[in-house]
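Please load the model in your viewer and keep the sequence at hand. We will walk through a few local features together, one at a time.

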Number of protein chains: 2
Amino acid sequence: MSSAERGQISRGEPAAKAEHRTEHAIKVELTAVLVAVTQGEPRVMTLDAGHALPSGPFEVAHRSLQAGLRDWVEQQTHHPLGYVEQLYTFADKDRTGAEGDARTISISYLGLTREREPAEGGWRSWYDYFPWEDHRAGEPEVIAQAIAPRLMDWAGKETAPKRAERLQRARVTFALDGHPWNDELTLQRYELLYEAGLVAESCRGRGEAASRLGGRAMFSDHRRILATGIARLRAKIKYRPVVFELMPPTFTLLQLQRCVEALAGRAVHKQNFRRLVEQQELVEETGATTSEAVGRPAKLFRFRHGVVAERAVAGTKIPIART
Amino acid sequence: MSSAERGQISRGEPAAKAEHRTEHAIKVELTAVLVAVTQGEPRVMTLDAGHALPSGPFEVAHRSLQAGLRDWVEQQTHHPLGYVEQLYTFADKDRTGAEGDARTISISYLGLTREREPAEGGWRSWYDYFPWEDHRAGEPEVIAQAIAPRLMDWAGKETAPKRAERLQRARVTFALDGHPWNDELTLQRYELLYEAGLVAESCRGRGEAASRLGGRAMFSDHRRILATGIARLRAKIKYRPVVFELMPPTFTLLQLQRCVEALAGRAVHKQNFRRLVEQQELVEETGATTSEAVGRPAKLFRFRHGVVAERAVAGTKIPIART
DNA sequence: CCGACATATGCTCAATGTGAGTATAGCTAC
DNA sequence: GTAGCTATACTCACATTGAGCATATGTCGG
């Protein structure tokens, strides 16, 4: 048994070098993408008239990163935080807005919750920020009308090898020339638009006209963080039963489907959706039915919390239509 | 167009609160899980006689987190860093060893590379640290012999509701009672053993005897970071063509299979593996064949770099045998 | 030169999963 | 009652996947 295994060891080289650091100029910021789905729209909690995500500095007093995040979010939004998972840690020098030369590290988190009644201020549809991401009613016009031609122009400014690469990226991420739409590429799409100078954030300080793509901009790199959160959530609902964090205690299968569709930004085949949800035993009937205004009443279901323990981390497999 | 979209905005509430911070006591550490596969073993680059991962503090002078990481790794290991992706950011107060009360944030990265000739010092099989993770030749004895009974004891110390939960976690993560083995649960298994006090790291400062499970311990929370890297890589090879970052320029399909098996810690069905790799057009023949000592010569292949661009982020689908 | 042996490679088959469509049931509004 | 809507049950073709059999092409010991 080595000394390390008794917890006595002190590391050599790396620890020694650590003494020379100049860490006093590094700030650590915690940022939350807090998501809820209401009235068929995926919503994100914002501050400052929709320009910022809840965030605050990590402090020595915080027990953990998550604890610090919870403190800030509950303080700023007065909204409780349920399911939380870490997203990404950003620290690019040129992306954090006009903050001088101090370095800021943003540790971002995704939070899922049920929007409380009555509807509070900060909730906004995430498609306000990414209109090109909503394909529930087919491909949004902005892609063919504005995005595609501008990306072509942008690629055209380059010469052969680089141009081909730009064209390829545009085709794959925005489903041009018959490529299939991939809902999980939200971040890649935003980054492509950023590089192409088509979002307001990439024009900052350069005095250029803001984009006319229709998406709202945000403070600092918050829109990038939001894109990261959307991409992660879209990927995750396909193999982990996290959708239920966004649902009320009981719900109909159609409500569940609408929730998934809102998040994924695309329509799903109703019958297949039911088949999958039921045969995976993710839900159980409550016995009650809804009495909505119109149509045959639907059975009410609740999430079977048992599956989380049983299959641990198995797989949810939400079917997402491909055409 | 709002002021934010012209890049003029300064955030209200959160920015104001940020002034009260006490960030001077927070250190930011960059840590690398650098992986290579040689002689059929998945290896990780270590320092300090295998007790630490390459790491160093993030400094204001670094262009980005990745740039800082590359600097440290190349300085400490003299080994170039190829493919890199962020893993996770840790900051638990009680997991970073005996460093007083200064808070340390560890931002960890996964790096993939080809081990250089001649074999250098720091490379170690990651199964030295996690012997229970290698199921290529069936379930390792340590699970039935040592892990399972001790976890049962640990669960038995609790009363009804909590005991059931512990038992369930043990069964699912370690494939007891007929549950299938899930190779991606490396981190969950390590965390379970940590909680149960069965790894040396969780006995630190408590004077308890170190575990006899056979796994090497590491400095601070480096073994947890390594577990995170293994889990991520095992998940990723199944849907992204990252294995090729670990392969030489040309290779046979069996070599590729052995590499995947080393990483996943389980055997795969040979014919199905070939079928999948070939029909996905991940590789192309070089025209040459190997002339190994024994057996029919195998065709040599190279990775088709085109697929990365073509299918962007589509899916590799490496088949992993279930029984 | 032969046969044992080892790896490479081609092919089949059953079971399961998945996308898409048809058909029927049970409500409300008029 | 019927139009119109949603709920729910089945069907079907096709792709994917796990598993195994068969054959090809080398080396090696005699």
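Strand β7 of chain B is joined by 2 bridges to strand β9 (residues 299–303) of chain B, and the two run antiparallel. Strands here are DSSP runs of E with at least two residues, helices are runs of H or I with at least four, and both are numbered from the N terminus. Two strands count as paired if DSSP finds at least two bridges between them. One bridge to look up is that of B:Phe251, whose partner in β9(B) is B:Phe301. Zooming out, this pairing belongs to an open sheet of 3 strands in chain B, in the order β7-β9-β8 and with antiparallel pairing. Its edge strands are β7 (250–251) and β8 (283–289) of chain B, each of which pairs on one side only. In general, strands of a sheet pair through backbone hydrogen bonds, either parallel or antiparallel.

A word on the ground rules: this is a predicted model, in which local features need pLDDT of at least 70 and side-chain atom pairs count only at pLDDT 80 or more, while totals for chains, interfaces and linings use all residues. Residues are numbered from 1 along each chain as its sequence is written, and chains are lettered from A and ligands numbered from 1 in the order in which they are written.

Now over to chain A and helix α5 (residues 186–195), where the buried residues are A:Thr186, A:Arg189, A:Tyr190, A:Leu192 and A:Leu193. A residue is buried if 20 or more other C-beta atoms lie within 10 Å of its own, exposed if 12 or fewer, and partly exposed in between, with C-beta atoms placed from the backbone. Seen down the axis of α5(A), these buried residues fall within an arc of 160°, so they line one face of the helix; the arc is that of the directions from the helix axis to the C-beta atoms. They pack against α4 (160–174) and α6 (222–236) of chain A, where contact means C-beta atoms, placed from the backbone, within 7 Å.

Just after α5(A), A:Gly197 takes a positive phi of about 70°. A:Val199 lies in the loop between α5 and α6 of chain A, and it is buried, with 26 C-beta neighbours inside 10 Å.

Which loop holds A:His78? It is the one between α2 (65–77) and β4 (83–90) of chain A. A:His78 is not a glycine, yet has a positive phi of about 55°, and it is exposed, with 11 other C-beta atoms within 10 Å.

Notes:
Contact = placed C-beta atoms within 7 Å.
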